[in-house]
Amino acid sequence: MRKFNTGSVISVVAVPLLLLTGLALARAQKIPFSRQSFHSKVDQAQLSVCAADGIKDDQFTPYKDNKALNQVATKAINQQVDKVQQAIEKADLDNNSKIRFLRGLQELLQNYKTAYLARDITGALLANTIKGYQDGMALQIKQRDISPILKANKPEVGTLLAFNFALKDNVGKDHFQYILLGKEIHAHPRKALYILSQNNDFPATDSMVSVIARKDAGSLYDYAGSTTPLGEIIRKSQDPLVNLIARMATAHDASGKLSGPQLMPFLDDILAGKIDLDQIRGVLDNQVKYYKLLVQTEIHYAAMLQHKDTPLALQQMQDRLHAVGINTFINKVNGLHERSNSVRYACLRPLSAIDLYYLIVNSELEIYTSSYINGKDYGIYNLLWQKAGKGFTSDSLLTSVHFDKYKKWIKMAANYNTLDDFLGRMAPESAQQLMLAFVRNLDKGVGKDSLEDAVDVAGSYASIDDPKMSKLVVHEVQNQLQQAKTVGNSKKFNIYEILKTLFLSMDPKNKIDLSTSLGIGPVYFMPIKDLEDTSGRIIIQQFTYGDADGNANYRNFMSAVNRAGWKSTSNKYWSTVSSTSGTPITIYTNKPLDELQALDDKAQQALDDYLIEKDLHPTMVLHRGHSYYLPTTIKQLVPSARVVLLGSCGSFQSLSDVLNKAPEAQIISSKQTGVGNLNLTLIMGILNTLKKGQDLNWVKMWSGFEKKLSSDNRFVDYVPPYENLGAVFYMAYRKLQESEQEKEDSMEADKADISINN
């Protein structure tokens with residue numbers, strides 16, 4: 001925030017990166033004492049926005065590799081904001097009016113930062129936001145309508161301006177709702193409802209609610225049960241669909257407990273007259289019957305999708321089917337992994353083969369390997385075929401569910417090594433057609449999970465053992481790519497171009513460097529410089545848990561590093577392990593305290609708080625716990641993580657969740673059983689390599705691990721970063737999206753008069 005006086009510019013050369021406080025600006029401009037604190041608050045808000053990129057300085061650099069757009073964002077937060085402050089002081093306004101605009105500017109920056117951190121607005125749009133505020137301020141002073149500014153900007157910018165403290169009472173405020181709703185309703189129905197909730201006098205609320213109900217029934221349900229004025233309007237609606245949603249949102253069972261979440265998934269079948277609320281209420285007390293009813297309705301919805309008719313409550317159905325399946329069945333089977341099979345799988349006896357199919361495809365992240373497949377006769381996969389009986393083929397199974405989630409089924413079968421068995425239960429020509437269908441239509445996804453099918457296909461390829469089937473998949477990917485070129489479908493082209501590159505790279509003869517070909521970071525190695533902080537030290541965080549295995553893992557780790565000559569210190573909640581020679585490395589590992597009293601959670605939180613307080617950013621994260629602890633570790637992942645070891649069973653299924661938290665992470669995972677001593681061997685190998693000052697060459701290191709661990713056949717299920725094709729696909733596609741977004745941001749920056757070419 002270089003500050004300017006009213007007559008001349010402070011020399012940037014003479015005072016490099018000089019940060020003057022609001023008080024210094026006040027002195028330079030002879031600002032009255034009554035406004036000095038408001039300028040100071042704006043300065044603080046500027047610094048807060050600058051820190052939103054993770055670096056505490058006077059630069060705002062929200063883009064990783066786009067210097068031009070980073071300059072745009074930095075100009076916006078520094079020069080643009082300073083100019084607005086100057087404009088406020090120069091304006092022919094009374095003291096209270098100037099204070100009002102300063103408060104509005106401070107609020108604008110605070111709200112922008114919140115939206116940026118929530119990924120609701122991009123970095124370069126800060127320039128448009130500040131320009132919009134400055135232009136709006138000029139119109140407000142003249143008592144003119146700022147609606148043209150809202151129309152000219154993207155909705156995320158318009159929303160920040162319309163509700164701003166200094167502009168919300170503009171003479172055109174009665175039109176603001178129409179403008180913002182028009183921009184938001186088609187793309188973001190939930191935001192449209194928020195805007196309606198903030199404008200109780202909007203005359204067309206009832207008709208808007210009817211439109212939103214047919215675009216996002218779930219968001220309307222969330223508001224329908226509220227005590228807000230909007231909730232009241234929804235409950236009084238005469239629209240049959242809105243009225244039904246409102247009745248479910250306020251429904252309670254005999255004990256007074258809200259039953260709406262259990263009813264909402266059946267919305268479409270209720271509207272179609274296939275079931276009524278009383279029939280659903282009749283099974284709510286029996287979780288097995290309720291689960292079966294969910295499955296039956298989900299199959300109806302799958303049939304609708306086959307006919308290009310998307311159910312209104314599809315997401316609510318899938319969420320409820322997942323929740324009931326996990327809580328009623330999967331958690332029980334997982335939790336009894338040390339009991340006899342007859343006891344462990346007893347809760348599944350009332351379920352049909354189709355019920356078990358939905359248990360599997362909806363529990364990808366939760367199901368234990370031994371719950372999915374356990375010897376020749378047990379595991380949910382085997383029990384499904386036993387329930388189905390003779391003559392029930394793979395074709396029969398998929399036809400029965402209208403091919404619902406079949407790509408997820410195939411992916412899981414590939415990852416758990418049951419794909420050959422599954423394909424062997426149908427005619428060879430049917431198996432080929434199924435795998436062709438598996439690879440097709442990957443560009444048809446919509447919403448937040450629009451890439452899920454493509455990621456599943458990418459992640460499954462390395463697990464296909466049949467060379468003929470692998471060749472078939474690659475050939476179809478190339479066919480789809482050619483079709484995308486012919487019709488000019490850019491999304492489809494991008495998806496299949498990435499898949500083609502990934503699959504061909506699996507054959508060393510093709511000599512494909514994924515990093516170069518896909519424009520992403522290294523895949524086959526991790527440069528040590530990318531793990532070091534500004535002082536040259538590598539910070540590592542290890543998560544341990546307070547069960548028996550967690551305590552053993554912690555003791556074995558501490559023993560191994562002590563034998564290797566590392567020094568360690570401890571406090572109540574964590575231990576600190578540091579290298580004594582070579583590359584400076586510090587490992588922070590929470591203590592595995594009593595899980596029954598949630599003390600291990602407390603220890604992890606204390607360590608998280610310490611790392612934040614000391615401005616320490618782990619670049620390597622080690623998960624040392626069972627798969628049911630993995631979501632807790634992932635929740636605490638920091639964006640700075642570049643190497644993540646997931647040492648739990650089936651962790652291969654959690655790659656996208658990791659990448660959502662740490663977008664540049666290289667991931668080591670296991671398709672099946674995670675083993676404590678195998679994890680420790682990997683960790684010590686990685687630490688020794690880094691201590692020597694060497695890059696992590698995964699191909700070379702993995703070859704060494706395979707030789708060292710050749711006697712343990714469980715290591716074959718561990719997946720090195722370069723074979724995590726689903727993760728690599730995700731990174732490559734996101735890189736393309738970032739490039740497209742940056743092009744759009746560049747165009748928006750030009751509108752803000754801060755051209756990247758200027």
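Reply: First, the ground rules. This is a predicted model, where local features need pLDDT of at least 70 and side-chain atom pairs count only at pLDDT 80 or more, while totals for chains, interfaces and linings use all residues. Residues are numbered from 1 along each chain as its sequence is written, and side-chain values use heavy atoms, with hydrogens and water left out.

Me: Why is the contact between Glu89 and Arg35 called a salt bridge?

Reply: A salt bridge needs a side-chain nitrogen of Lys or Arg within 4 Å of a carboxyl oxygen of Asp or Glu. Here the N to O distance is 2.7 Å, so the pair qualifies.

Me: Is Glu89 buried or exposed, and how do you know?

Reply: Buried means under 20% relative accessible area, exposed over 50%, partly exposed in between (1.4 Å probe, protein chains only). Glu89 has 13%, so Glu89 is buried. Arg35 has 6%, so Arg35 is buried too.

Me: What makes Lys529 and Asp530 a salt bridge?

Reply: Their N to O distance is 3.2 Å. That is within 4 Å, so the label holds. Lys529 stands at 58%, so Lys529 is exposed. Asp530, at 23%, is partly exposed.

Me: How do you know that Arg642 and Glu664 meet in a salt bridge?

Reply: The value is 3.9 Å, N to O. The limit is 4 Å, so this pair counts. Arg642 is buried at 14%. Glu664 is partly exposed at 29%.

Me: How many salt bridges does the structure hold?

Reply: The structure holds 19.
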